[in-house]
Amino acid sequence: MLTQRLRHTSSLPGILACVLVAAMSGAPSAQAPAANAPLPTIVVLATGGTIAGAAASDVQAGYTSGQVGVEQLLAAVPQAKKLATLRGEQVANIGSQDMNDEVWLKLARRINELTAQPDVAGVVITHGTDTIEETAYFLNLVVKSRKPVVLTAAMRPSTALSADGPLNFYNAVAVAAHKDAAGRGVLVVANDWIHGAASLTKTSTTAVQTFLSPLSGLVGTVAYGTVEFYRSPAAKHTTDSEFSLDGVTQLPRVDIVMAYENMDGALIDAAVAAGAKGIVIAGVGNGNLTDPAVKTLAKVARAGIVCVRSSRVTTGVIGRNVELDDDKLGFVAAMEHNPQKARVILRLALLKPRSNADLQRLFAEY
Ligand code: ASP
């Protein structure tokens with residue numbers, strides 16, 4: 001029981017405890033496949049990011065994302081070929097600050113095609129760190145397979161002193177090739193940690209240790225290809241997801257508006273004028289906003305725009321009817337979803353008309 005509880009926390013003492021418990025129980029499963037065992041086939045879909053970035057020197061801060069192609073990326077980590085038979089495809093080569101619906105739809109469809117092929121054991125996606133949490137969560141909702149789908153990234157470009165990309169890539173392949181990786185939803189591997197798509201968030205602009213899963217903790221760890229899983233994400237995903245991209249060519253517009261001291265309703269009205277079908281508020285505290293902004297948001301909700309209260313705070317649940325009466329005002333509470341993830345699920349939810357009660361259910365279940 002204690003072991004279970006320790007394994008559900010991502011606090012530093014919790015992580016240390018997990019490592020100790022694992023070491024004492026001899027739990028980690030070494031990755032080297034048995035001699036003569038056929039290697040699983042993993043397809044690597046490259047989208048760009050700093051992992052494929054390059055700078056003019058190995059110690060300069062300035063660089064350009066998405067410079068290195070997938071074949072170069074594979075060639076840079078020959079060790080990964082001992083874990084799996086790798087095939088590369090270039091889906092895009094962009095900084096993930098430029099991630100867009102066209103790439104999302106292409107990526108999701110390609111993953112669904114690949115994972116339906118019996119010879120493909122899993123997929124690794126290389127991506128920028130800026131929006132990896134959004135892409136991972138989107139895929140978590142629309143990929144229709146239990147096979148491992150693992151995203152990875154890097155904070156330092158491929159040319160940097162102590163680049164983190166090669167080991168992150170190696171570890172991502174190890175996770176995708178692992179016999180116990182299936183059925184845990186879309187995963188993100190960075191800096192030795194395995195995160196669930198719904199829980200991770202980027203927390204540092206520059207540090208290699210940027211990703212945390214602050215509320216529900218890690219799915220597992222991976223050190224030099226040795227994988228240990230602690231848990232499976234509790235939220236629904238992939239084959240349990242009711243979302244589908246069948247026939248979808250466009251996703252509805254949803255904007256995020258941040259709350260702040262002395263906020264008025266101007267940016268909420270501006271989002272509606274720009275064509276938003278939904279608005280996510282990155283509220284203060286437990287999804288709060290000033291009284292004038294609440295009044296504008298309630299007016300917009302009455303006009304049929306879906307209004308979701310999330311928070312600009314890094315961690316915590318935004319519950320219904322805490323300081324604001326969501327029932328009366330017609331709002332939806334984002335629960336565990338930060339604004340960027342709330343926006344992702346709301347865009348998929350708005351592909352068909354739904355009541356506020358149904359929308360609230362989605363935020364609780366996914
Ligand atoms: N701007 C880069 C990107 O998201 C940052 C990175 O990958 O670390 O593509």
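On a 1 Å grid laid over the protein atoms alone, a pocket is an open set of points with protein on both sides within 12 Å along at least five of seven lines, whereas a cavity is a set of points where a 1.4 Å probe fits but cannot get out; lining residues have an atom within 4 Å of a point. Grid points are joined across faces, edges and corners, and a volume is the space filled by probe spheres set on the points. The model is predicted, so that local features need pLDDT of at least 70 and side-chain atom pairs count only at pLDDT 80 or more, while totals for chains, interfaces and linings use all residues. Residues are numbered from 1 along each chain as its sequence is written, and side-chain values use heavy atoms, with hydrogens and water left out.

The largest pocket has a volume of about 780 Å³, and among the 40 residues that line it, Ala 198, Leu 215, Glu 336, His 337 and Asn 338 lie nearest its centre. At least two lining residues come from each of β11 (254-258), α10 (339-349) and α11, where helices (H or I, at least four residues) and strands (E, at least two) are DSSP runs numbered from the N terminus. The lining of this largest pocket comprises 21 nonpolar, 13 polar and six charged residues; here Ala, Val, Leu, Ile, Met, Phe, Trp, Tyr, Cys and Pro count as nonpolar, Asp, Glu, Lys and Arg as charged, and the others, Gly among them, as polar.

The second largest pocket has a volume of about 400 Å³, and of its 23 lining residues the closest to the centre are Thr 50, Ala 61, Tyr 63, Met 155 and Pro 157. Its lining divides into eight nonpolar, eleven polar and four charged residues.

From the spaces we pass to the interior. A nonpolar core is a set of buried Ala, Val, Leu, Ile, Met, Phe, Trp, Tyr and Cys residues joined through side-chain atoms within 4.5 Å, and buried means under 20% relative accessible area, exposed over 50%, and partly exposed in between (1.4 Å probe, protein chains only). The largest such core has 52 residues, and Phe 138 and Leu 139 have the most contacts inside it. Not counting residues up to four places away in sequence, Phe 138 touches Trp 104, Leu 105, Ala 108, Leu 245, Leu 251, Val 344 and Leu 348, a contact being heavy atoms within 4.5 Å.

The charged side chains remain. A salt bridge is a side-chain nitrogen of Lys or Arg within 4 Å of a carboxyl oxygen of Asp or Glu, and the whole structure holds 17 of them. In one, Lys 299 and Asp 269 meet at 2.9 Å, N to O, and this pair links distant parts of the chain, with Lys 299 in helix α8 (residues 291-302) and Asp 269 in helix α7 (residues 266-273), 30 residues apart. Lys 299 is partly exposed at 39%, as is Asp 269 at 32%. Arg 361 forms another with Glu 365, the closest N and O atoms being 2.9 Å apart; because the two are four residues apart in helix α11 (residues 356-365), about one helical turn separates them. Both Arg 361 and Glu 365 belong to a network of salt bridges that also links Lys 236, Glu 242, Arg 354 and Asp 358.
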